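Please examine the following structure together with its sequence.

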Amino acid sequence: MTVAAGQSETIVILDFGSQYAQLIARRVRENGVYSVLAHPDVSVEEVRALNPKGLIFTGGPASVYEAGAPRCRPELLDLNVPILGICYGMQVACQLLGAQVRSATAREYGRTQLRVLRRDDRLLQAVPAETTVWMSHGDQVQELNDDFEPLAATDTCPIAAVRHRTRPFYGVQFHPEVTHTPHGNKIFLSFLYEVCRCRGLWKMGSFIEAVVADVRKRVAPSDRVICGLSGGVDSSVLAALLHQAIGERLSCIFVDNGLLRLNEAELVRTTFADHFGIDLIVADAGDQFLSRLAGVTDPQEKRKIIGHTFIEVFKDKAKSIPNAHYLAQGTLYPDVIESGKSLAGQAANIKLHHNVGGLPDQLGFDLIEPLRDLFKDEVRRVGELLGLPEAIVWRHPFPGPGLAVRCLGEITRERLDLLRKVDNIFLEEIAANQLYRKTAQAFAVLLPVRSVGVMGDGRTYDNVVALRCVDTSDFMTADWSRIPYDILATMSNRIINEVRGVNRVCYDISSKPPATIEWE
Ligand code: XMP
């Protein structure tokens, strides 16, 4: 059992292949109850071991009457633990409980008007009698036996919500987890607090206390923990959390690879060494990285060189730290799910990992991963509670290979310096226009081409930069941010006037897919 599960009430969410599974898990947690995702095949013993207050069955793309459609162990319905089935999850459970599921004559997709038939029932008590819900289904529950009671209907779906009369089972055909269902959260609240009788114990403050106690128990007084600090949100929160637990027995290694943004190394130094008083070992390895990258233009080759050099530099610094038995890593819950190592098994959507792997194996350390139960928004909350500055807690992600993958073509100090200045102006304007928290990532890219321009009376033949700014919540898909024209105009003017060597600025208007967020 994880530290988080050990100190809180748990809702187990069976993922039938829903694109919203992680969103459901976050909704539950935002409402103060810890949640874990599980594969639909999860055994009854594994579920029982978590001592859940309730189960949620997610939606999914299959049809329950198809061969091979995902199902759950029927005994889960006999645990006498409340269950909320959503869309496919409702259909699976209803079918197991004797109802008939068939293809609907009319598919329902999008916003739909719902009529609540039983507002005296706990699940829908807080929802208006007529309300909008988000539907996305081709099948529906069509025949109920006397054990069921319909709770809500739409024009084409007479059983849009249902409860079982003798078992603690509820089902909704619509999706309460998405924002297009405006009263959806009230349904989660009713399920968690009225049906499951949760108390709302999942608080980041108590999570910190539990992790601190756990780390203190695990790490002997003579042992040290090493933490690779990049200045990103995850490693920063990790360092602050471990520092709270073991103080000066934590050593952080920060590799300055010469590929960082303007003032980035300084921010890490002042925050962690000066403010927190953390033992920070800075590896000034810019020369090493840049000499190996000299003349390399192939993106994959750049990544490989950077990955290998990073491991070498890190290993070298780590060797100098006595009694270090542990390496801390900022693994988060989505990483755990996507690695296929959680109760959720191999998830339907598998994200490719970009990060340099293999460090712990190569170094022979034991791993400490105190954030592995958390979603990103929860990590940020922990960071805030630990007193990390806003500039770190709300930092946009920055790739491990740094500016190397934004400096297209050959990487030289001069080109990196130019890119840093452009990037800094772009980010200054993003912040000045209150766009930093509204966007997911914003950065400049230096292109490997020159363009002709005119300045004063003279012809120029100078660099072209691209500005990239995207909106996304999961970084798997992204849309380009609609930055207002007048702000783009200021950005472009400032860059061309203030950065010598740039005569053209482009704004990247490609979504992901088919483009990626980074250019290399
Ligand atoms: P792409 O370019 O694949 O990026 O759409 C998705 C997200 O991943 C980040 N990214 C990386 N992060 N090491 C990292 O730690 C990498 O090699 C890497 N490549 C891309 C990218 O910045 C975006 O947030």
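Asn80 is placed in the loop between strand 3 (54-57) and strand 4 (83-86); helices (H or I, at least four residues) and strands (E, at least two) are DSSP runs, numbered from the N terminus. The model is a predicted one, in which local features need pLDDT of at least 70 and side-chain atom pairs count only at pLDDT 80 or more, while totals for chains, interfaces and linings use all residues. Residues are numbered from 1 along each chain as its sequence is written, and side-chain values use heavy atoms, with hydrogens and water left out.

Asn80 has a positive phi, near 60°, although the residue is not glycine. Asn80 is exposed, at a relative accessible area of 61%; here buried means under 20% relative accessible area, exposed over 50%, and partly exposed in between (1.4 Å probe, protein chains only). A positive phi in a residue other than glycine also occurs at Phe475, where the value is near 65°. Phe475 belongs to the loop between strand 16 (458-471) and strand 17 (479-480), and its relative accessible area of 28% makes Phe475 partly exposed.

Two peptide bonds also deserve attention. The bond that joins Lys512 and Pro513 is cis, with omega about -15°, and the bond from Pro513 to Pro514 is cis with omega near 10°. Pro513 lies in the segment after strand 18 (502-507), and Pro514 is likewise placed in the segment after strand 18.

The next topic is strand pairing. Strands of a sheet pair through backbone hydrogen bonds, either parallel or antiparallel; two strands are counted as paired if DSSP finds at least two bridges between them. An open sheet of 5 strands runs in the order 12-11-10-13-14, with parallel pairing. Its edges are strand 12 (279-284) and strand 14 (366-368), each of which pairs on one side only. On average, neighbouring strands of this sheet are turned by 30° against each other, direction ignored. Helix 8 (residues 264-275) packs on the sheet, where helix 8 touches strand 11 (250-256) and strand 12, and its direction makes about 160° with that of strand 12. Contact means heavy atoms within 4.5 Å; axes are lines fitted to C-alpha atoms, for helices over the stretch in contact, and angles run from 0 to 180 degrees between N-to-C directions. Within the sheet, strand 10 (residues 224-228) and strand 13 (residues 324-328) pair in the parallel sense over 4 bridges, and Arg224 stands opposite Ala324 of strand 13.

Antiparallel pairing is found elsewhere. Strand 7 (residues 148-153) pairs with strand 8 (residues 161-164) in this sense over 4 bridges, and Glu149 has Arg163 in strand 8 as its bridge partner. Strand 8 also pairs in the antiparallel sense with strand 9 (residues 169-172), over 3 bridges. A hairpin through 4 residues joins strand 8 to strand 9, with Ala161 opposite Val172 of strand 9.

Helix 2 (residues 21-30) is mostly covered, since 7 of its 10 residues are buried. Among the buried residues are Leu23, Ile24, Val28 and also Arg27 and Arg29. Gly32, with a positive phi near 90°, follows helix 2.

Grid points are joined across faces, edges and corners, and a volume is the space filled by probe spheres set on the points. The whole structure holds 2 cavities of 30 Å³ or more. The largest cavity has a volume of about 40 Å³, and its lining includes Leu114, Phe174 and His183. Strand 6 (130-143) and helix 5 (184-195) each supply at least two residues of that lining. The second largest cavity, with about 30 Å³ of space, brings the account back to Asn80, which lines that cavity together with Leu77, Val81, Ile83, Arg167, Pro168 and Phe169.

The second largest pocket has a volume of about 410 Å³. Of its 17 lining residues, Leu267, Ala391, Arg395, Leu427 and Tyr436 lie nearest its centre. Helix 15 gives the most to this lining, with 6 residues.

Key: On a 1 Å grid over the protein atoms alone, a cavity is a set of points where a 1.4 Å probe fits but cannot get out, and a pocket is an open set with protein on both sides within 12 Å along at least five of seven lines; lining residues have an atom within 4 Å of a point.
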